[in-house]
Amino acid sequence: MAHTAMSGSGTTAGDDPLQTAIWRLRSRACWADAAALLQPHTAEASLQRASLLVERCLYTEQGWAEAEDALRTAEALAQSDDERGAAACERGQLAYASTLLSVRDRADEARAALGRAAALIAPGAPGRALLDFRRGLLAENLARAPQAARAAYRRAHAGATAQDDPLLMSFTWRHLAGLALREGELVEARHGFAESLRIREELGYLVGTAPALASLADAESEPEASRLRAEAGRLFRLLGGVPTWLAAQLAPPAATA
C-alpha cells in the first residue's frame, strides 16, 4: 500500500514552535488538530493545511469533504507557479488516494493534476522531489508500470537527498525496496526497508513506523518477521487502527482446512 509524503519543518530542535507542534500532532495521526493550528489566510498556510487533510484521507479513508474544501482554498490563494504547482500536486494526490482506496475512480484527474504540477514546478525546485514521488505512486499502483515507477522514485530520492529531506527519503527508500522485493532482490529490499524504518524512528514519525515495520517483516525470515509484525500491530492499535489499510497486512494468515 502506498503512502503520501508531505515533508516540512518541525522535526528538529530549533524549528519554529508552530511547525514543531504541527509535526508532533501529524506524526501521531492527529491531522485535523494539526490543521486547526493553521489559519488559511496565506498561500503557504493554506497549502500546508490542505496537505495535512489530504494525508488524513489516505491514512484514515475519512475527511474527503474537508480535504476538498481546504484544497479549493489553497488553489484560490496560490499566486506563483510554485504555489499553483504545489496545489495541483495535492489535487493529484487526493484524486490518487480516492482511486487507490476505491472511494471513487479519479485516476484521470490524478494524472492530469500531476501533469499540470510538472509543468509548473521547475526541476530542482523544492516541490519537485515530492511531485516525482507521487508520479511514481501513480505509475506503480494505477498504471502498473514498475519500471516507470522506479525511475520516478529514483529521481525523487535524489531530490530528497539533495534537499536534505529525510522524511521523503523514508518514503522513497520504502517504495524502491518494495519494487526490489517484488523482483526477489531480498538483500536490496531489506536494506531499503531498514533505512526507511531507521529514518522514521529517528524523526519520531509514529504513524509511519508501523507500516515500515510491516514492510521490513515481509522481507525477513522467521522469527524476526513475526517479531516485527507484532511490534507493528502494537503501534497500529496504539494509534486506533491507523493507517486503516494496514489491518489487512497485519492479519494472521487464514487457517487452511
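Are α3 and α5 roughly parallel or roughly antiparallel to each other?

A: Happy to! Keep in mind that this is a predicted model. Helix α3 (residues 43-60) packs against helix α5 (residues 81-100) at an angle of about 10°, and their axes are 10 Å apart. Angles under 35 degrees count as roughly parallel, and α3 and α5 are therefore roughly parallel to each other. On the α3 side, the contact is made by A43, L47, S51, V54, C57 and L58; α5 brings E83, A86, A87, E90, Q93, L94, A97 and L100. Sorted by class, this contact of α3 with α5 has 10 nonpolar, two polar and two charged residues.

Now for the core. The largest nonpolar core has 79 residues, among which Y59 and V207 touch the most other members. Helix α3 supplies the largest share of this core, with nine residues. Beyond its neighbours within four places in sequence, V207 is in contact with R26, S27, A29, W31, Y59, L239, V242 and P243.

Among the buried ones are L167, F171, R174 and H175. Helix α9 (residues 166-182) reaches 24 Å from its first C-alpha to its last, close to the 24 Å expected at 1.5 Å a residue. Just after α9, G184 takes a positive phi of about 80°.

Terms used
Residues numbered from 1 in each chain as written. Predicted model: local features only at pLDDT ≥ 70, side-chain atom pairs only at ≥ 80, totals over all residues. Heavy atoms only, no water. Axes fitted to C-alpha atoms, helices over the stretch in contact; angles between N-to-C directions. Helix = DSSP H or I, 4+ residues; strand = E, 2+ residues; numbered from the N terminus. Parallel < 35°, antiparallel > 145°, perpendicular 65-115°, else oblique. Contact = heavy atoms within 4.5 Å. Nonpolar A, V, L, I, M, F, W, Y, C, P; charged D, E, K, R; others polar. Core = buried A, V, L, I, M, F, W, Y, C linked by side-chain atoms within 4.5 Å. Buried < 20%, exposed > 50% of the residue type's maximum accessible area, 1.4 Å probe, protein only. Expected span 1.5 Å × (residues − 1).
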